Amino acid sequence: MFTRSSAHLKLSALPKPFLIARSLVASQFRPIATSISASTQNFSPDGAHSILVAQRKQRPISPHLGIYQPQLTWCGSAANRITGSILSVGAYGFFAAYAVAPVFGWPFDSVTIAAAFSGLPAATKFGIKFAVTLPFSYHSWNGIRHLLWDTGKALDIKDVYRTGYVVLGLTVVSAICLAMV
Amino acid sequence: MASLFRPSLRTSAATAVMLRLGRPVTTTSSATTAAGVRCTAMKNLEILRQAGMAKKGFHASASRKILPAGPQVIQGTVNEAVEVPDPNAAHGSYHWSFERLISVALIPLTVAPFAAGSINPVTDAILGATIVIHSHIGFESMIVDYIPHRRYPALRKGAMWALKGATMLVLVGLYEFETNDVGITEAVKRVWKA
């Protein structure tokens, strides 16, 4: 990502002292006959520090995930974290809401929730259940895959793909089955 | 999609479109400062040059600035070595083993109540506590990954304490739910059969 031209772009954004330094370099190639007009500048330690900070901000940073080809390996890993956080946020949200419900006088107990859920249309019920069972299934199956890896097995690329496809298949089947129960 | 969260992406995307249309480019970065305005014209020139160079050079696309670099904290001198933490099994292998233990325990704890068809309040409470610990560890590793201590020390500390507070509240909620309501397994059954 760090082409000659992008280095050029960064130079233009550098603080003044850098540009002065640049012109200094250029001035060294002038004919000897002309007098050198550039002057040096003294900096306090704080000033030098701030230049360093500004310079560091110009360093190249890692590219965005979007430039990588989607592959089962890293997409599956990202999905593991995303599904896990969906489930955990859900669990935290539920129990935290249950803890504070009496303070606000919310009717938040299993009977009320089940009653509210039973009033929904069948398709909505399935949709909500599937929205829970899909991340649950994926995170569970992939969690088992992770535990398998932790024992040192199935770590070569062929097995990683094989187990990855197995997890995807099991996820779809079990998510649908659990949502239909 | 990412441009929803990152205005710099939107700007670069707009720049790319404008370049294709052959129109002059105006950068509309949200972080435009007075100095930035002054050198906008120069930047435009640079971007155009860069795009031209990119086609000729190694890259097929213009460079995209994603996230601005965070605050640069330099402690001591520039060449100070990174502090190596003391080896501590509690932060290393024990912690790792504990994480696996929690994960492994979740498998029978999740399956057993539904397979057996009966609900034991103690098993249910252990399941709830294990879920909370597993989630806490998960949130913790996300904070560690996405809020580097080196760069955002205050935010990191705040996030960790916020997580601790949330976990405490959740544990109170879990205790209340287990004592006053029917427990996780039975509650799930109720909703599922409703």
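From the N terminus on, the elements of chain A follow the order α-α-α-α-α-α-α. The chain thus described belongs to a predicted model, in which local features need pLDDT of at least 70, side-chain atom pairs count only at pLDDT 80 or more, and totals for chains, interfaces and linings use all residues. Residues are numbered from 1 along each chain as its sequence is written, and side-chain values use heavy atoms, with hydrogens and water left out.

Chain A contains 7 helices and 0 strands; helices (H or I, at least four residues) and strands (E, at least two) are DSSP runs numbered from the N terminus. Of the 181 residues in chain A, 29% are buried, where buried denotes under 20% relative accessible area, exposed over 50%, and partly exposed the range in between (1.4 Å probe, protein chains only). Contacts are defined by heavy atoms within 4.5 Å; among those in chain A between residues at least 6 apart in sequence, 63% join residues at least 24 apart.

Across all chains, 0 disulfides were found, a disulfide being a pair of cysteine sulfur atoms within 2.5 Å. Cys75(A) is partly exposed, at 31% relative accessible area, and Cys177(A) is likewise partly exposed, at 44%.

An unreviewed UniProt entry places the feature "binding site" at His134(B); such annotations may be inferred rather than shown by experiment. His134(B) lies in helix α5 (residues 121-146) of chain B and is partly exposed, with a relative accessibility of 27%. Leaving aside residues up to four places away in sequence, His134(B) touches His139(A) as well as Ile102(B), Ser103(B) and Leu106(B).

How values were computed: Chains are lettered from A and ligands numbered from 1 in the order in which they are written.
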